[in-house]
Amino acid sequence: MKITVVGASGMMGSKIVRELERGGQSVSGASTKTGVNAYTGEGLQAALADTDVVIDVTNSGSFGDSDALDFFKQAGKNLLMAAKQAGVGHYLALSVVAADRLVENDYFRAKLVQENLIRASGLPYTIVRSAQFFEFFNGIINSAAEGDGFRLSPALVRPIAADEASTLISQIAIGLPHNDIVEIAGPEAVPLDQLAREILTVTEDTRSIAIDPDAPYFGVGLANATLLPGANALAGSLTFHDWLFRSLIAAQEGGG
Ligand SMILES: NC(=O)c1ccc[n+]([C@@H]2O[C@H](COP(=O)([O-])OP(=O)(O)OC[C@H]3O[C@@H](n4cnc5c(N)ncnc54)[C@H](OP(=O)(O)O)[C@@H]3O)[C@@H](O)[C@H]2O)c1
């Protein structure tokens, strides 16, 4: 079975390639760095030749504007067409938990469009919607900066370590297509402001956090459970607290 990871040089792509290789799978990595451009279509046909499973972990260079929609629409169309030509038996794409509840934000709307293209393609597929990666939380906090501090919603999230997410994604990819959405998330639901407070504490950042149920998440208003996956989500086991602690130790040992 040949698995092609598109977006292989990225944060998730590189972890997934490593994980699959560790499991003895035949993996090929593609990204613009290897001459494969999902947006223009350049090199795609050759990259997907003889591929049984495609894992699409590409990402748009921009988060906050209509470029993301253009990217996921165009890259999605090109990837799906090339996958069809290659006779791919399982097309897996990585999306975001609650993408359908965050459509006021351009990026999440773009992810929903990407999902819809996959569903309409006729290819056997699995859409993996992941909760936020722990590694993404600095970005979440920074987006909530206001004045001298931060304004954050206490809405619940179930974030997951990117390492554990890549293990789950790799396992799903080598299985049969679900032809549906599969959600993955961390072991516990925690209020956004609490996670932010933990990060500020370990980074010795003394700025204050104002808890505000009306504080937007990337421009979108949240109810308490908006960001949570459903009850059937596959779960990692590492808590945010333990991950943060391990990251801190690793940074200290690395002289960081
Ligand atoms: N961050 C989160 O918390 C989170 C949660 C759930 C889901 N996701 C999803 O996970 C996916 C991957 O995220 P990530 O953080 O791993 O992204 P990333 O680190 O930014 O990596 C993106 C990858 O896409 C490749 N790429 C970009 N433009 C391309 C193009 N035109 N053609 C081919 N490859 C291209 C990049 O390769 P080059 O540099 O070589 O171009 C890179 O390998 C995204 O779709 C995101 O929506 C993220």
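This is a predicted model: local features need pLDDT of at least 70, side-chain atom pairs count only at pLDDT 80 or more; totals for chains, interfaces and linings use all residues.
Biologist: How far apart are the end C-alpha atoms of helix α4, and what span should it have?

Modeller: Helices are DSSP runs of H or I with at least four residues, strands are runs of E with at least two, and both are numbered from the N terminus. The expected span of a helix is 1.5 Å times one less than its number of residues. For the 15 residues of α4 (residues 106-120) that gives 21 Å, and the end C-alpha atoms are 21 Å apart, which agrees.

Biologist: What sits at the ends of α4?

Modeller: At the N-terminal end, Asn 105 is the cap, with a side-chain oxygen 2.7 Å from the backbone nitrogen of Tyr 107. After the helix comes Gly 122, whose phi is positive, near 85°.

Biologist: Which residues of α4 are buried?

Modeller: Buried means under 20% relative accessible area, exposed over 50%, and partly exposed in between (1.4 Å probe, protein chains only). The buried set includes Tyr 107, Phe 108, Leu 112, Glu 115 and Ile 118. The buried residues of α4 pack against β3 (53-56), α3 (67-86), β4 (90-96), β5 (125-130) and β9 (180-185).

Biologist: Which salt bridges does Glu 115 form?

Modeller: A salt bridge is a side-chain nitrogen of Lys or Arg within 4 Å of a carboxyl oxygen of Asp or Glu. Glu 115 pairs with Arg 119, the closest N and O atoms being 3.4 Å apart; being 4 residues apart in α4, the two are separated by about one helical turn. Glu 115 counts as buried at 1% relative accessibility, whereas Arg 119 is partly exposed at 34%. Glu 115 also forms a salt bridge with Arg 129, at 2.8 Å. That pair links distant parts of the chain, helix α4 and strand β5, 14 residues apart. Asp 100 joins Glu 115, Arg 119 and Arg 129 in a network of salt bridges.

Biologist: How many salt bridges does the rule give?

Modeller: The count comes to 10. One of them joins Asp 163 and Lys 15, with the closest N and O atoms 2.9 Å apart. Asp 163 lies in helix α6 (residues 162-173) and Lys 15 in helix α1 (residues 11-22), so the pair ties together parts that are 148 residues apart in sequence. Lys 15 is buried at 15%, and Asp 163 is partly exposed at 46%.

Conventions:
Residues are numbered from 1 along each chain as its sequence is written. Side-chain values use heavy atoms; hydrogens and water are left out. Contact means heavy atoms within 4.5 Å. A polar contact is a pair of N or O atoms within 3.5 Å; within protein, one must be able to donate a hydrogen and the other to accept it, and residues adjacent in sequence count only if both atoms are side-chain atoms.
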